[in-house]
Amino acid sequence: MRLFIDTANIEEIREVNNWGVISGVTTNPSLVAREGRDFATVVREICDLVEGPVSAEVLSLHTDEMVREGKQLAALHPQVVVKIPVCEAGLAAIRQLSRQGVSTNATLVFSAAQALLAARAGASYVSPFVGRVDDTGNDGLQVLSEIVTVFDHYLIDTEIIAASIRHPVHVVEAAKMGAHIATVPYSVLKQMVRHPLTEVGITRFLDDWKAAQR
Ligand code: G3P
């Protein structure tokens, strides 16, 4: 499974990109707004920093506007993937953009039914929101698993991005079930790196080494 980082913060992207573990970036309007910077500038900077797809989301709610906005975003950089919410207008926009060769990421996916519709409309990626399903008292990983099963069954080539990841177990479970990608917040990537036994082990090795020098 490939890993994307789910952030619009350049410093977070720069640090994690230096680890060599990320293959792309996803943003959403909330993440971009948090940075308080010009949207197009942020998207271009991210594309210049990272190799791989960079999702940037449309804000419009009508098909024609989504398509127009999507084309503007796609024109910012060849790595841009246009993120579009799954709804009637969004499906029609995904269809039009995919027919014009624009990569799309169907977002705010909360069911296998929505994922199937988005894939059939021509989405390059679908983003089921695992954590937000969990927040409703339902099982986000179960929804993800259903999408993996359906796509495998029909050899659908739309890639599945496990999104709204809240902790490392979400990432590992998504990998075990065969999701293509997990888009992971910076804080969770940090949690994935660390293990108390690794820290204890490093300290012990250094202590033993120093003791032997004395
Ligand atoms: O970027 C989409 C998704 O990952 C957002 O996650 O934590 O706001 O539910 P979250």
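The largest pocket holds about 340 Å³ of space. A pocket here is an open set of points on a 1 Å grid over the protein atoms alone, where a 1.4 Å probe fits, with protein on both sides within 12 Å along at least five of seven lines. The volume is the space filled by probe spheres set on the points.

This is a predicted model, where local features need pLDDT of at least 70 and side-chain atom pairs count only at pLDDT 80 or more, while totals for chains, interfaces and linings use all residues. Residues are numbered from 1 along each chain as its sequence is written, and side-chain values use heavy atoms, without hydrogens and water.

The lining has 22 residues, with Asp6, Asn28, Leu31, Arg34 and Pro185 nearest the centre of the pocket; a lining residue has an atom within 4 Å of a point. Helix α2, residues 29–35, contributes the most, with 4 residues.

What takes up this space? The ligand does. Around the ligand are Asp6, Asn28, Lys83, Phe129, Arg132, Ala163, Ser164 and Arg166, each with a heavy atom within 4 Å of it. By class, that shell has 2 nonpolar, 2 polar and 4 charged residues.

Now the polar contacts, meaning pairs of N or O atoms within 3.5 Å. The side chain of Arg132 has an N or O atom 2.6 Å from a ligand oxygen. For Ser164 the distance is 2.7 Å, and for Asn28 it is 2.9 Å. Taken alone, the ligand exposes 310 Å², and the protein buries 83% of that, by the Shrake-Rupley method with a 1.4 Å probe.

Notes
A polar contact is a pair of N or O atoms within 3.5 Å; within protein, one must be able to donate a hydrogen and the other to accept it, and residues adjacent in sequence count only if both atoms are side-chain atoms. A molecule sits in a cavity or pocket if more than half of its atoms lie within 2 Å of its grid points. Ala, Val, Leu, Ile, Met, Phe, Trp, Tyr, Cys and Pro count as nonpolar, Asp, Glu, Lys and Arg as charged, and the others, Gly among them, as polar. Helices (H or I, at least four residues) and strands (E, at least two) are DSSP runs, numbered from the N terminus.
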